[in-house]
Amino acid sequence: MAQAMRPNTAGGLFATDGKSHPLQDTLLAVTLVLGITAFVSAMFHNLHLLSSWAGLVGILTGAYGQWVSETTRERFGLILGLGASAIGFFLGMAHGGLFGGVIS
């Protein structure tokens, strides 16, 4: 009867406890999208405004997502998004910053 003891984890892709976490999943998706956007746009010197702002917002949403996350899978994805956001933010800041060239 080992099958009877297994928990049902089919509640969601990132929910290992069998419950749905719509807020945490949304924060995870937003953080990953912003992190990828910040990281990719940081490779282009002209896009420093996009990379720095997307990185900053990605860092803030990822930090809040870490605060309210409930499962390890959510935290893992949030850490990936936070890392990409931070790299994009720092490279965007090095290339011109949040207001570089817009406000003199």
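Figure 1. Trp-67 is exposed, at a relative accessible area of 68%, whereas Tyr-64 is partly exposed, at 38%; buried denotes under 20% relative accessible area, exposed over 50% and partly exposed in between (1.4 Å probe, protein chains only). The model is predicted: local features need pLDDT of at least 70 and side-chain atom pairs count only at pLDDT 80 or more, while totals for chains, interfaces and linings use all residues. Residues are numbered from 1 along each chain as its sequence is written, and side-chain values use heavy atoms, with hydrogens and water left out. Tyr-64 and Trp-67 both belong to helix α2 (residues 48–68), where three residues, about one turn of the helix, separate them. Helices (H or I, at least four residues) and strands (E, at least two) are DSSP runs numbered from the N terminus. The structure holds three aromatic pairs. In the pair of Tyr-64 and Trp-67, the ring centres are 5.7 Å apart and the planes stand at 55 degrees, so the pair is tilted. Rings of Phe, Tyr and Trp (its six-membered ring) pair if their centres lie within 6.5 Å; planes under 30 degrees apart count as stacked, over 60 as edge-to-face and the rest as tilted.

**Figure 2. The ring pair of Phe-89 and Phe-90.** Phe-90 is exposed, with a relative accessible area of 55%, whereas Phe-89 counts as buried at 14% relative accessibility. The centres of the Phe-89 and Phe-90 rings lie 5.5 Å apart and their planes are at 55 degrees, so this pair is tilted.

**Figure 3. Packing of α2 against α3.** Helix α2 and helix α3 (residues 72–95) pack at an angle of about 150 degrees, and their axes are 7 Å apart. This makes α2 roughly antiparallel to α3. Axes are lines fitted to C-alpha atoms, for helices over the stretch in contact, and angles run from 0 to 180 degrees between N-to-C directions; those under 35 degrees count as roughly parallel, over 145 as roughly antiparallel, 65 to 115 as roughly perpendicular and the rest as oblique. The crossing of α2 and α3 is left-handed, a term for a near helix turned anticlockwise from the far one by less than a right angle. Contact means heavy atoms within 4.5 Å. Among the α2 residues that meet α3 are Gly-55, Leu-56 and Ile-59, and the α3 residues include Leu-78, Leu-82 and Phe-89. The contact of α2 with α3 comprises nine nonpolar, 12 polar and one charged residue; Ala, Val, Leu, Ile, Met, Phe, Trp, Tyr, Cys and Pro count as nonpolar, Asp, Glu, Lys and Arg as charged, and the others, Gly among them, as polar.

**Figure 4. Packing of α1 against α3.** The axes of helix α1 (residues 22–41) and α3 come within 7 Å and cross at roughly 30 degrees. This makes α1 roughly parallel to α3, and the crossing is left-handed. Contributors from α1 include Leu-28, Leu-32 and Phe-39, and those from α3 include Leu-80, Gly-81 and Ile-87. By class, the contact of α1 with α3 has 12 nonpolar, seven polar and two charged residues.

**Figure 5. The surroundings of His-95.** His-95 is located in helix α3 and is partly exposed, with a relative accessible area of 27%. Apart from neighbours within four places in sequence, His-95 is in contact with Ala-42, Phe-44, His-45 and His-48. Its C-alpha atom is separated by 9.1 Å from that of Ser-52, 43 residues away along the chain.
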